[in-house]
Amino acid sequence: MNHSARHTLRTVGGDLATEAVRGPVLAHEHLVLDLDQRGDGAAVLDPRLHAAAVTAELSELREEFGLSLVVELTCRGMGRDVRTLASIARDAQVAVVAATGWYYEPFHTPEIDGADVEALTAVLVREIEDGIGATGVRPGVLGELGSHGDVPAAAEATVLRAGARAARATGLSLATHAQLGRGGLAQLELLTAEGLPAHRVSIGHQDLLDDPGVHREIAASGAYVAFDTVGKSSYQSDRTRLRLLVALMEAGHADRALLSCDISRHGYLRDEGGQGYGHLFRHFLPALRAAGADDDLIDLLTRRNPLRFLSGASDEEN
C-alpha cells in the first residue's frame with residue numbers, strides 16, 4: 001500500500017480533492033468538545049446547546065472569507081461526536097476533517113491503562129480504516145495527541161508512539177498538543193524515532209512558547225509549527241504571536257507555519273461575547289498584512305500549508 005502524499009482529504013462528508021479547497025483552512029479547531037473536569041460546564045461545546053452557534057459562525061466565515069475546511073482535533077476522551085460534525089459541515093457548507101488519537105494524560109481513557117504500543121496502534125488503525133463506532137465516518141488526521149511538560153509522561157509517550165505507527169500504517173498525518181507550547185522537540189523526537197517523516201507532523205500550541213529557537217528547530221526538521229491559539233489573550237498576546245510568526249518567516253520557514261484559534265469552550269463563541277473562529281481572519285491576518293504580508297503569503301499560511309500537511313506531501317511533491 002502506497003502511503004505517499006494523498007491527493008484527497010478524508011472529511012466527515014467523504015473524500016475531498018485537495019484542489020477543491022480554494023479558500024482558507026482552520027488547522028486546529030474544536031466544534032464539539034467536552035473537557036469538563038471541574039463540573040462547571042465551561043470547557044464544553046455541547047452539540048445540544050452550541051452546535052447552532054458553531055454552524056452559524058462557520059457559515060458566516062465561508063461567506064465572508066471563503067472558509068473551506070476545518071481540521072477538528074477532538075479525539076478519544078475529548079467528547080468527540082462525528083455525527084454532529086457531519087451535520088455542522090453539511091449545514092455550514094464547510095468541509096470538516098475528524099480526528100483520532102488520545103489527548104494528554106489527564107484526559108486519557110481507561111483503555112490506555114497498561115496497554116502497550118501495539119495494542120493502541122491497533123485501536124487507532126481500526127478506527128481509521130473502519131470508521132468511528134457505527135458512524136462510518138473515518139478520521140482524516142491523527143490528533144491532538146498530547147503531552148505536558150518538557151518530556152512526555154510514560155503513558156503519553158506510549159500514545160505518541162502508537163500514533164506515529166498508526167500514521168505510518170495508514171498514511172495520515174499527525175498533530176500534537178504540546179501543553180503551553182512545551183515539550184515539542186521531545187514529541188518530535190519520539191514520533192520520528194518511530195519512522196514517521198517530520199513533514200507529516202504538526203507540533204501544537206507553539207505560539208504559547210516564546211522561544212524562536214525552538215520554532216526554527218522544529219521547522220528546520222521539516223515539521224510544522226502550529227500557531228494555533230490565536231486570539232486566546234489570557235494565554236498569550238497576539239502581539240507576541242505576531243512577533244514569533246514574523247521571526248519564523250524571516251528565518252525562511254513560512255512554509256512550515258499553521259494558523260488557527262483552537263476554540264475550546266463555549267465562552268469563546270461570538271454569540272457569547274468571545275473572539276470566535278473568525279478572530280484569525282478579522283484581527284490577526286490584518287495585523288500580519290500591516291507587518292508586510294501579501295496575498296500570496298496569506299494563502300500559503302492559511303491554505304497551502306495545511307493542505308500540504310494533511311495530504312502528507314513532501315516538498316518534492318509540491
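Two strands are taken to pair if DSSP finds at least two bridges between them, and strands (E, at least two residues) and helices (H or I, at least four) are DSSP runs, numbered from the N terminus. The model toured here is predicted, so that local features need pLDDT of at least 70 and side-chain atom pairs count only at pLDDT 80 or more, while totals for chains, interfaces and linings use all residues. Residues are numbered from 1 along each chain as its sequence is written, and side-chain values use heavy atoms, with hydrogens and water left out.

**Strand E9 and its neighbours**

Thr100 falls in strand E8 (residues 99–100), which pairs with E9 in the parallel sense over two bridges. Now extend the selection to the whole of E9, residues 141–147: seven of its seven residues are buried, so the strand is largely enclosed by the rest of the structure. Buried here means under 20% relative accessible area, against over 50% for exposed and in between for partly exposed, with a 1.4 Å probe and protein chains only.

On to strand E10 (residues 174–178), which pairs with E9 in the parallel sense over four bridges; Gly146 stands opposite His177 in E10.

Showing the whole sheet gives six strands in the order E8-E9-E10-E11-E12-E13, an open arrangement with parallel pairing. E8 and strand E13 (257–259) stand at the edges with a single partner strand each, so one side of each is left without a neighbour in the sheet.

**Helix H5**

Select helix H5 (residues 184–193), where the buried residues are Gly184, Ala186, Gln187, Leu188 and Leu191. Their cover includes E9, H4, E10, strand E11 (201–203) and helix H6 (212–221), contact meaning heavy atoms within 4.5 Å. After H5 comes Gly195, with a positive phi near 95°.

**The three-strand sheet**

Move to E3, E6 and E7, which form an open sheet of three strands in the order E3-E6-E7, with parallel pairing. Strand E3 (25–29) and strand E7 (95–97) are at the edges, each with a single partner strand, so one side of each lacks a neighbour in the sheet. E3 and strand E6 (residues 69–72) pair over three bridges, and the bridge partner of Val25 in E6 is Leu69.

**Helices H1 and H2**

Finally, select helix H1 (residues 47–65) and helix H2 (residues 82–92), whose axes come within 9 Å and cross at roughly 35°; axes are lines fitted to C-alpha atoms, for helices over the stretch in contact, and angles run from 0 to 180 degrees between N-to-C directions. The contact is made by Pro47, Ala51, Val54, Thr55, Leu58, Ser59 and Arg62 of H1 and by Thr84, Ile88, Asp91 and Ala92 of H2.
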